[in-house]
Amino acid sequence: MPMTGFGVYRIKPGEDTKQAVLQALKVGYRAIDTAAAYQNEGDVAAAIRESGIPREDLFITSKLWLQDYGEAAAQKEIDRILRVTGLGYFDLYLLHQPLADYYGAWRGLEQAYREGKLRAIGVANFTPGILLDLIMNSDIAPMVDQIELHPFYQQTKNVQWLQAHHVVVESWGPFVNGQNDIFNNPTLTKIATTHDKTVAQIILAWLQQRQIVIIPKSVHDERLRQNLAVEDIELTDAEMAAIKTLDTNHSAFDWNIMDDLNKPEMIKILNDAHVHD
């Protein structure tokens with residue numbers, strides 16, 4: 001699994017997604033992260049076909065949405081989306097939320113994994129407690145947990161727990177969608193100036209230095225290249241400590257139930273959402 005991938009969340013489905021993925025592949029990305037909820041899995045597949053890059057050279061991740069949870073429903077959706085996209089298999093496939101019948105859905109993923117339709121399986125937005133319960137009641141332990149991670153929500157203890165239990169941690173929302181004026185944050189700006197890098201590059205380097213997989217999104221060529229070029233950045237202990245002071249210990253997104261499972265209104269919204277016919 002590449003340490004750096006390209007995320008397509010909030011890119012408009014259709015030609016916009018296709019062109020963004022084509023550009024990402026052109027500048028060197030080989031891992032693409034999509035989801036049923038993004039409604040652009042087919043556009044990602046179309047870009048891959050047009051790129052001419054062999055399928056085996058790519059690492060494609062997608063995620064199952066709640067409407068397809070349950071063992072039989074999960075297997076049916078995996079077969080459907082593989083048929084529609086023509087991808088053959090997913091390198092990584094995740095349960096998108098720790099809601100609904102995720103135990104049944106996980107059994108569906110386990111079976112698809114055994115059949116070779118999924119090369120690796122994992123979860124997204126699962127807290128350590130919920131994840132441990134799933135591990136203890138499953139045949140195959142989740143291999144990845146994709147969670148909200150950025151300087152304002154660092155989840156230090158959760159990350160440590162996941163890594164100690166051999167679960168790969170993957171960050172979504174590393175730039176907080178630009179909230180809190182993150183790109184002009186004085187602490188991050190000072191560190192970026194010291195390394196002659198952008199604030200975005202410092203954030204991504206900080207995540208990778210914690211052994212966290214990154215999937216930043218951009219539709220701008222120069223930023224795509226910059227986001228890919230962070231492996232040579234080595235932050236000092238003092239710089240890592242300075243970034244640690246930015247942690248608020250709270251999610252930056254109201255809909256992220258991982259921060260607080262006691263959100264009945266949001267849980268209803270997520271369960272009611274249908275992302276395909």
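**View 1. Lys 197 and its salt-bridge partner in the predicted model.** With a relative accessibility of 26%, Lys 197 counts as partly exposed, in a structure that is a predicted model. Lys 197 forms a salt bridge with Asp 232, and the closest N and O atoms of the two are 3.5 Å apart. Because Lys 197 lies in the loop between helix H7 (186-195) and H8, and Asp 232 in the loop between H9 and helix H10 (237-244), the pair ties together parts that are 35 residues apart in sequence. Asp 232 is exposed, its relative accessible area being 58%.

**View 2. The salt bridge between Asp 33 and Lys 63.** The closest N and O atoms of Asp 33 and Lys 63 are 2.7 Å apart in this salt bridge. Asp 33 belongs to strand E2 and Lys 63 to strand E3 (residues 59-64), so the pair ties together parts that are 30 residues apart in sequence. Both Asp 33 and Lys 63 are buried.

View 3. Just after H1, Gly 28 takes a positive phi of about 125°.

**View 4. The largest pocket.** About 880 Å³ of space lies in the largest pocket, whose lining of 41 residues has Tyr 9, Arg 10, Gly 173, Asn 177 and Lys 217 nearest the pocket centre. The lining residues divide into 23 nonpolar, 13 polar and 5 charged.

Definitions and conventions:
Residues numbered from 1 in each chain as written. Predicted model: local features only at pLDDT ≥ 70, side-chain atom pairs only at ≥ 80, totals over all residues. Heavy atoms only, no water. Helix = DSSP H or I, 4+ residues; strand = E, 2+ residues; numbered from the N terminus. 1 Å grid on protein atoms, 1.4 Å probe; cavity = no way out; pocket = protein on both sides within 12 Å on 5 of 7 lines; lining within 4 Å. Points joined across faces, edges and corners; volume = space filled by probe spheres on them. Nonpolar A, V, L, I, M, F, W, Y, C, P; charged D, E, K, R; others polar. Salt bridge = Lys/Arg side-chain N within 4 Å of Asp/Glu carboxyl O. Buried < 20%, exposed > 50% of the residue type's maximum accessible area, 1.4 Å probe, protein only.
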